[in-house]
Amino acid sequence: MSASPGVAGTARLISMERAARLTAVVTHEGDWYVARALEVEVTSQGVSVEESLANLREALELYFEDQPFPAIAADGPIVAPLDIRLSA
């Protein structure tokens, strides 16, 4: 009979995981919400904002299984609207 890790064992397993914060931008394109990570070129989609972000989270976790995590400034990217002039 094998012993389960119990609460202490579970806490030890969870503490071995690392976490990181990235910035996502979500746009509505046709029938889909498209979520893009700003720090790396990873994009996903879903039928709702929440689903697109959940799908992006999964895609990023898979992406970083094979890729190094990029150096990111402590204060993150600056996200700002930008007005441009269009010719007629």
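Visitor: Which residue in β2 stands opposite H28?

Guide: Strands here are DSSP runs of E with at least two residues, numbered from the N terminus, and helices are runs of H or I with at least four. Two strands pair if DSSP finds at least two bridges between them. Here, H28 stands opposite Y33 in β2. β1 and β2 (residues 32-37) run antiparallel, joined by 6 bridges. This is a predicted model: local features need pLDDT of at least 70, side-chain atom pairs need 80 or more, and totals for chains, interfaces and linings use all residues. Numbering starts from 1 along each chain as its sequence is written, and side-chain values use heavy atoms, without hydrogens and water.

Visitor: What is the strand order in the open sheet?

Guide: The order is β1-β2-β3, with antiparallel pairing. β1 (24-29) and β3 (43-46) are the edges; each has a single partner strand, so one side of each lacks a neighbour in the sheet.

Visitor: Which strands does α2 lie across?

Guide: Contact means heavy atoms within 4.5 Å. Axes are lines fitted to C-alpha atoms, for helices over the stretch in contact; angles between N-to-C directions run from 0 to 180 degrees. α2 lies across β1, β2 and β3, at about 145° to β3.

Visitor: What volume has the largest pocket?

Guide: A pocket is an open set of points on a 1 Å grid over the protein atoms alone, where a 1.4 Å probe fits, with protein on both sides within 12 Å along at least five of seven lines; lining residues have an atom within 4 Å of a point. Volume is the space filled by probe spheres set on the points, joined across faces, edges and corners. Here it is about 580 Å³. Of 16 lining residues, the closest to the centre are A20, L22, L60, E61 and F64.
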